[in-house]
Amino acid sequence: MSPHQRLQHIHYLIDRAAKDSGRQPDEVQLICVSKNQDEHRIKTLLDAGERIFGENRVQEAQKKWSALKKNYDVELHLIGQLQSNKVDEAVQLFDVIETIDRPKIAQAIAKAMGEHKRQLKLYIEVNIGAEPQKAGILPDELDDFVKLCRSDYGLAIEGLMCIPPVGHQAAPYFGFLAQLAQRNGLSKLSMGMSADFDIAIQMGATSVRIGTALFGQR
Ligand SMILES: *Cc1c(COP(=O)(O)O)cnc(C)c1O
């Protein structure tokens with residue numbers, strides 16, 4: 001399949017998963033995960049009309065997107081872990097940060113948004129399977145963390161993001177994330193990747209982050 005055909009196919013699958021679950025297709029955004037992809041491949045998707053992209057490293061994203069963002073009205077999502085010394089650059093380049101995973105980062109983002117007069121959309125990353133090696137706020141600690149972000153740092157958190165444990169059924173984890181979002185009054189759910197986005201959509205995803213299925217193996 002050509003990149004264009006792959007893109008059309010993904011949109012078809014997203015629409016179908018939405019309709020199958022009684023949802024409107026436009027309730028689900030496709031985030032094209034362009035990490036490790038060069039500008040030529042990114043351009044193919046831009047030319048096809050895609051405007052929402054995800055990158056997991058600040059420096060790589062700066063190199064690729066600083067120029068492109070001047071010419072295209074792109075919404076760029078940070079989906080990888082953010083180091084404190086990169087917060088300033090991240091806040092200037094990205095439009096959405098999906099990976100707030102500790103108080104220090106939340107505080108630094110609040111400060112940088114003030115300094116740069118930028119208002120980003122913000123998500124908290126949840127370590128939904130409570131895996132020792134994984135980033136994200138533990139489910140047990142989420143409610144307090146949401147409160148902290150809102151009251152102490154004045155952050156308007158929009159939603160939650162997760163990556164379920166490898167080798168497990170993803171559906172229960174997606175369902176759990178939806179439940180956590182609902183009880184904290186959060187409307188956005190970034191969940192589902194190439195292998196499981198249809199299940200994520202059934203469980204309420206409002207955006208899916210897709211790389212491999214769009215670009216082929218990295
Ligand atoms: C790489 C990545 C994706 C995309 O994964 P694919 O399996 O290639 O679709 C989604 N989310 C995050 C956080 C990633 O790092």
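For the residue classes used in these legends, Ala, Val, Leu, Ile, Met, Phe, Trp, Tyr, Cys and Pro count as nonpolar, Asp, Glu, Lys and Arg as charged, and the others, Gly among them, as polar. The model is predicted, so that local features need pLDDT of at least 70 and side-chain atom pairs count only at pLDDT 80 or more, whereas totals for chains, interfaces and linings use all residues. Residues are numbered from 1 along each chain as its sequence is written, and side-chain values use heavy atoms, with hydrogens and water left out.

**View 1. The second largest pocket and its lining.** Among the residues lining the second largest pocket are Asn-56, Arg-57, Gln-81 and Lys-86 (a pocket is an open set of points on a 1 Å grid over the protein atoms alone where a 1.4 Å probe fits, with protein on both sides within 12 Å along at least five of seven lines; lining residues have an atom within 4 Å of a point). By class, this lining has 2 nonpolar, 5 polar and 3 charged residues.

**View 2. The largest pocket and the ligand.** The ligand takes the space of the largest pocket (more than half of its atoms lie within 2 Å of the grid points). The lining of the largest pocket divides into 12 nonpolar, 9 polar and 6 charged residues.

View 3. Polar side-chain atoms of Ser-194 and of Thr-212 each lie 2.5 Å from an oxygen atom of the ligand, and a polar backbone atom of Gly-211 is 2.8 Å from a ligand oxygen atom (a polar contact is a pair of N or O atoms within 3.5 Å).

How values were computed: A polar contact is a pair of N or O atoms within 3.5 Å; within protein, one must be able to donate a hydrogen and the other to accept it, and residues adjacent in sequence count only if both atoms are side-chain atoms.
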